[in-house]
Amino acid sequence: LTIVDTPGFGDAVDNSNCWQPVIDYIDSKFEDYLNAESRVNRRQMPDNRVQCCLYFIAPSGHGLKPLDIEFMKRLHEKVNIIPLIAKADTLTPEECQQFKKQIMKEIQEHKIKIYEFPETDDEEENKLVKKIKDRLPLAVVGSNTIIEVNGKRVRGRQYPWGVAEVENGEHCDFTILRNMLIRTHMQDLKDVTNNVHYENYRSRKLAAVTYNGVDNNKNKGQLTK
């Protein structure tokens, strides 16, 4: 599992085109895979394509910022987007629920395509999917600190009023996110990336190639016959 961070995203005074480095990175990984596919020897094809984008939303309580909307709209055709509320321990449970409803309402209004959880014939799996969908966007808490609570060592944040536990489902949705990424939906994220996002990129790229193998767009990594 490889995680790529984007430090400094959205921190500038002028955030015009601040999503471009992210788009370029995703496209470069698609390009690498396309080039590997085009080789005669395709036994070793490392797959470094970006399978999922965890988009963290600031816990403002006021909905999505224009930058959030623009970023997700720019990327939703290229990668599986899973929206998350960062630092969820700064919100009360009631505020968090209201904030989630507001975000999902705005995502639908702006026609942003977030990751679609697949439905199956298995009733138990469908219950699990419905549980995840009902909690979107997932609210998460992060911590590197191990704290002792009732004789049990847990990862969490200590506050005067108590402890916010990272792996407690009543405190945040971290365990749902972890299980989804590593256990239940990892393969589907890969399949959607390969069958939808990569195929769209591949079709656009090959459509731009003329009969003599020159890319009309003059992009880097030109394909040749």
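Two strands are taken to pair if DSSP finds at least two bridges between them. Helices (H or I, at least four residues) and strands (E, at least two) are DSSP runs, numbered from the N terminus. The model is predicted: local features need pLDDT of at least 70, side-chain atom pairs count only at pLDDT 80 or more, and totals for chains, interfaces and linings use all residues. Residues are numbered from 1 along each chain as its sequence is written, and side-chain values use heavy atoms, without hydrogens and water.

Strand S4 (residues 146-149) and strand S5 (residues 152-159) run antiparallel and are joined by four bridges. Within these, Ile146 stands opposite Arg155 of S5. Glu148 has Arg153 in S5 as its bridge partner. Two residues lie between the strands of this hairpin, and Asn150 takes a positive phi near 50°. S4 has two faces. Ile147 and Val149 form the covered one, Ile146 and Glu148 the uncovered one.

The sheet is open and has three strands, in the order S4-S5-S6, with antiparallel pairing. S4 and strand S6 (162-165) are its edge strands, each pairing on one side only. Neighbouring strands are turned by 70° against each other on average, direction ignored; the axes are lines fitted to C-alpha atoms, for helices over the stretch in contact, and angles run from 0 to 180 degrees between N-to-C directions.

The largest pocket has a volume of about 2,000 Å³. A pocket is an open set of points on a 1 Å grid over the protein atoms alone, where a 1.4 Å probe fits, with protein on both sides within 12 Å along at least five of seven lines; lining residues have an atom within 4 Å of a point. The volume is the space filled by probe spheres set on the points, which are joined across faces, edges and corners. Of the 50 lining residues, Ile3, Val4, Asp5, Leu54 and Phe56 are the closest to the pocket centre. Helix H1 (20-37), strand S1 (53-57), helix H2 (66-75), helix H5 (174-184) and helix H6 (186-207) each give two or more residues to the lining.

Val4 lies in the segment before H1. Val4 counts as partly exposed because its relative accessibility is 48%, between the limits for buried (under 20% relative accessible area) and exposed (over 50%), with a 1.4 Å probe and protein chains only. The C-alpha atoms of Val4 and Asn168 are 26 Å apart, at a separation of 164 residues along the chain.
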